[in-house]
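Student: Hey, I've just opened this one and could use a quick tour. Can we go through it bit by bit?

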Amino acid sequence: MNKVAQDYTKSVKDAKLFINGEYIDAISGETFDTIDPATNQKLANVANAGVEDVEKAINIAQRTFESGVWSEMSVDDRCKILCKMSDLVMERVEELAVVETLDVGKPIKESRGFDIPRAASNLRFFAEMAKYVHHEHYEQAKHMSYTKYAPAGVTSLIIPWNLPFMQMTWKASAALAAGNSVIVKPASYTPLSAVMLGEIANEAGLPPGVLNIITGPGGSVGTAMTTHPYVRRVSFVGETTTGKTVMKNASENLIPVSLELGGKSANIVFEDADLDEAVKGSIEAIFRNQGEICLAGSRLLVQESVYDLFLEKFTAAVKKIKVGNPLDEETDMGALVSKSHLETVDNYVQIGLSEGAKLAIGGKRIPELGAGNFYEPTVLYDVDNKMRVAQEEIFGPVLVVIPFKTEEDAIRIANDSIYGLAGVVWTNNLQRAHRVAAKINSGLLWINCWYYRDLRTPFGGSKASGVGREGGRHSFEFYTEAKTITLKL
């Protein structure tokens, strides 16, 4: 750990609510602890918001929206403020990365090298894109019609614990660029980096009340954020069962929702693939962020003719993964987010073994690393797709390996899931690549790569993986109200 990281580790601040441009305590005065997953020691006190705090934030956001201080500001001026926020994120990249690593348990090289820079990119991308959102304009003999995309209003954003700062800016950047006032609730496990965005917003000159950050339990606070009549958009990222509740709550006031939910994505390796590249990409696809990522290629489908060879190569590569202190520059995989989540992951491994899966490597907690939530990168093979470990989202460093014979088998197995978020195809046959990609039921599909994202493209899943799309123009379509105006010539 470098000295800068050590200094930031010693100066982690307590987290308060950020409402109307100020950091304040919860009305009740209650707090809760956020825990370092690598040590299971307390990191900081966090304000424990209640329904009254949510209503206060929403009322302020509504008044701010109606005032026009942000919603009616020119797009160019909004862009300047959001771009300034982007610059400030990069100026504080080390501090934010350390806080993210401490709160989530992820390796510092991922926080510093990807998550925080991507957050800065989110802010700049949506700010710049807002200047180029297309407005339709049609003329007839006696009339002209044009479409105005007006900001929707108060927007509730509920963010997961696995990629908190990046996910927060992914949602908030687009909503703010469109002119909305925003309420954000980070997950209770990982609130620290999200709350820091308030400082950055103030320094960049974002008007008070435009961005508000609430920390607290998902139940009552989440319900208030998704049912209040002032709220006009809800965007949620998390697991599918909670997503269904969010959608049900929002329906009471006909609030449009965007849901990015769970996944059990198929990572398909054909016999003609570059096996070394497929091993490298597949390692990344399941063990990045400790496997705590919705896009994980958690079902590895390998053609029978190369099954044994690929499994041998893959297992050898897994042995080289360094699990350890997330703040260590050499660490490849850090700690799972909580004790309870580690127990859930381990329970799934035991279920898989009881179902008849075989253990290639891993399969247990690492006590040598102390009291933290460290779990070995794990590979279960000879898995049947009907097993629970192949059908249910484990959300941890556990890969299930399934053999297949033909292209048709691979497609059938891949689509035999309640989820439809993502997928990967490894092949050097260009026709097969496009053919299989077209037939997999998923919102995203990578060919000979994984996790690359062009922010202009739509992001989202099908089936139990979500509702709606965000990204590029799709984000602006969601966070605005389209209004057609017609005049007589």
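This is a predicted model: local features need pLDDT of at least 70, side-chain atom pairs count only at pLDDT 80 or more; totals for chains, interfaces and linings use all residues.

Student: Leaving aside neighbours within four places in sequence, what is Asn 289 in contact with?
Tutor: Asn 289 is in contact with Val 104, Lys 106, Glu 110, Asn 162 and Leu 163. Contact here means heavy atoms within 4.5 Å.

Student: Okay, where is Asn 289 found?
Tutor: Asn 289 is in the loop between helix H10 (275–287) and strand E13 (299–303). Helices (H or I, at least four residues) and strands (E, at least two) are DSSP runs, numbered from the N terminus.

Student: Does Asn 289 count as buried or exposed?
Tutor: Asn 289 counts as buried because its relative accessibility is 1%. Buried means under 20% relative accessible area, exposed over 50%, and partly exposed in between (1.4 Å probe, protein chains only).

Student: Switching to helices: at what angle do H3 and H5 pack?
Tutor: Helix H3 (residues 75–91) and H5 pack at about 170°, and their axes are 8 Å apart. So H3 and H5 are roughly antiparallel to each other. Angles under 35 degrees count as roughly parallel, over 145 as roughly antiparallel, 65 to 115 as roughly perpendicular and the rest as oblique. Axes are lines fitted to C-alpha atoms, for helices over the stretch in contact, and angles run from 0 to 180 degrees between N-to-C directions.

Student: And how do the axes of H5 and H6 cross?
Tutor: The axes of helix H5 (residues 108–129) and helix H6 (residues 164–177) cross at roughly 5° and come within 8 Å. That makes H5 roughly parallel to H6.

Student: Which residues meet there?
Tutor: Among them are Phe 114, Ile 116 and Phe 126 in H5, and Phe 165, Met 166 and Trp 170 in H6.

Student: Zooming out, which domains is the protein divided into?
Tutor: There's domain 1 (3–261 + 465–488) and domain 2 (266–447), with bounds from an automatic or database domain assignment. Their centres, taken over C-alpha atoms, are separated by 31 Å.

Student: How many residues does the contact take from each?
Tutor: The contact takes 26 residues from domain 1 and 31 residues from domain 2.

Methods
Residues are numbered from 1 along each chain as its sequence is written. Side-chain values use heavy atoms; hydrogens and water are left out.
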